[in-house]
Amino acid sequence: MPIQEYTGFAGAKLQAEVQGWPEDPAVLLLHGGGQTREMWKPAVESLVQAGRYVISVDLRGHGESDWPEDGRYDLDAYVGDLKAILSELGSRPVIVAASLGGWIASVALAEDGEHLATGLVLVDAPPEIDAQKARKVSDALKKRAETDPGNLPWDVRFLDGFDVQSTLDRISKSASNIKMPVLFVRGALSELTGHEVAARFIENFRNAEFAEIKESRHLVTEERADLFNATLLDFLERRVPRFTPEYRSGSDARTLRDALGCFATGVTVVTGMNGKQEPIGLTANSFTSVSLDPPLLLVCIAKTAGSLDTLTASEHFGVNVLHIGQQGISNTFAKPGQDRFASTPWQRGDHDVPLLAGALANFECRQHEIADGGDHVIIVGEVLRAKFEPRRDPLLYFGGKYRRLHFA
Ligand SMILES: Cc1cc2nc3c(=O)[nH]c(=O)nc-3n(C[C@H](O)[C@H](O)[C@H](O)COP(=O)(O)O)c2cc1C
């Protein structure tokens, strides 16, 4: 699991788990008091599958983040941590925050932080809580600390360091500063907040929605992760949709390349022999099977490629399909200015083309047709011989990155 460390309030080290593609819109997850980032596991999976980049933080005094010596667990320390993380992120995330995390996020965004996020989802974060119920929750957590000392993934001192009531007062005073889309989620059966209190509370925000998770009490992410995830994704898709890039005739070539990169391919090295009987070759993923009868395949070679003249002038050429262990070879044959065959075992085939040793498949071809393909030349070859190793996994290429096969 990739871990990212942030420096929070007064130098505290905060650990976060990051998942997904950094180019995707970000979602920052904050857990509740007496929990850790583990609580978001099912949500993280669905968010990444829905094309979000997820950063799931351990709050101070929780999980793998610092448990500060000085015992600073007051609201300002937590808000300082969150603002420090937000200022380090490359983009403005949607914050999805449960109970304690939700209160921290509300204050951080309402008090001079509106520009730091694009949306806020408050989960099980009661806007009012009666003192007796608050004490009951705190006592239950302290009891766990007493019965299981040393084994808890959170520092029991946070319970005394954080004042719930003054935090809720601060939120009710400043919530109207938050203009971004807000979703307030509660369990329909929650014993901590009533429906009316929650409905009244969200009117403080300029742009808020209210969702109740049926058959769930407090802790909706545990009790009905399926319903919670569906509600969260629906909100994100409607209110903070993913940017879907689009290419139109005349747009930049990069966007077109990204669109074409959505087609997953294998990776090949196309080879030939030049006039001096030296092997030449380049990495190409534009390989396509064309016909079985006659047996034809094609590759597209850039008109700027140094190998092009040899390949078009030769009667024969080879196509070597790389296996998962040959990513290094793919890189070598894509980089200019090095002796590509010096470090790569190969032998001559029946038709005098270089064949890479141990490839997933080697095709020996006779040139069948050359066609113009814009800034590329399309070389169609008739397959004279194909050797292959069906037990190996292919090296894949998708979205500009190498991939491997994944079996569900
Ligand atoms: C995964 C991958 C796929 C590539 N596919 C092609 C391709 O289909 N056609 C092409 O001309 N270049 C392709 N390239 C780029 C060439 O391998 C690269 O430009 C190489 O340096 C050309 O070598 P040359 O100029 O010595 O012929 C690809 C590169 C990579 C990494």
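Predicted model: local features only at pLDDT ≥ 70, side-chain atom pairs only at ≥ 80, totals over all residues.
Residues are numbered from 1 along each chain as its sequence is written.

Let's begin with the overall layout. The domain assignment divides the protein into domain 1 (3-239) and domain 2 (258-403); such bounds come from an automatic or database domain assignment. The C-alpha centres of domain 1 and domain 2 are 52 Å apart.

Next come the helices. Helices (H or I, at least four residues) and strands (E, at least two) are DSSP runs, numbered from the N terminus. Helix α1 (residues 41-49) packs with helix α9 (residues 225-239) at an angle of about 40°, and their axes are 10 Å apart. Axes here are lines fitted to C-alpha atoms, for helices over the stretch in contact, with angles running from 0 to 180 degrees between N-to-C directions. The pair α1 and α9 is therefore oblique: angles under 35 degrees count as roughly parallel, over 145 as roughly antiparallel, 65 to 115 as roughly perpendicular and the rest as oblique. On the α1 side, Pro42, Ala43 and Ser46 meet Ala225, Asn229, Leu232 and Leu233 of α9, where contact requires C-beta atoms, placed from the backbone, within 7 Å. By class, this contact of α1 with α9 has five nonpolar, two polar and no charged residues. For these classes, Ala, Val, Leu, Ile, Met, Phe, Trp, Tyr, Cys and Pro count as nonpolar, Asp, Glu, Lys and Arg as charged, and the others, Gly among them, as polar.

Helix α3 has two packing partners to look at. With helix α2 (residues 75-88), helix α3 (residues 99-110) has axes that come within 9 Å and cross at roughly 70°, which makes α2 roughly perpendicular to α3. Leu75, Tyr78, Val79, Leu82 and Lys83 of α2 make this contact with Ile104, Ala105, Val107 and Ala108 of α3. The contact of α2 with α3 comprises eight nonpolar, no polar and one charged residue.

The other partner is helix α6 (residues 164-174), whose axis and that of α3 come within 9 Å and cross at roughly 40°. That angle makes α3 oblique to α6. Trp103, Ser106, Val107 and Ala110 of α3 make the contact with Thr167, Arg170, Ile171 and Ser174 of α6. Here the residues divide into four nonpolar, three polar and one charged.

While you are at α3, have a look at Ser99, which lies in this helix. Its phi is near 30°, a positive value in a residue other than glycine.

Finally, turn to the ligand. Of the 17 residues around it, Ala284, Ser286, Ala305, Gly306 and Ser307 come nearest; a residue is near a molecule or strand if its C-beta atom, placed from the backbone, lies within 6 Å of it. The elements giving two or more residues to this shell are β11 (279-284) and β13 (296-302). The shell has 11 nonpolar, six polar and no charged residues. In the loop between β12 (288-291) and β13 sits Pro294, and the peptide bond from Asp293 to Pro294 is cis, with omega near 5°.

Technical notes: Contact = placed C-beta atoms within 7 Å.
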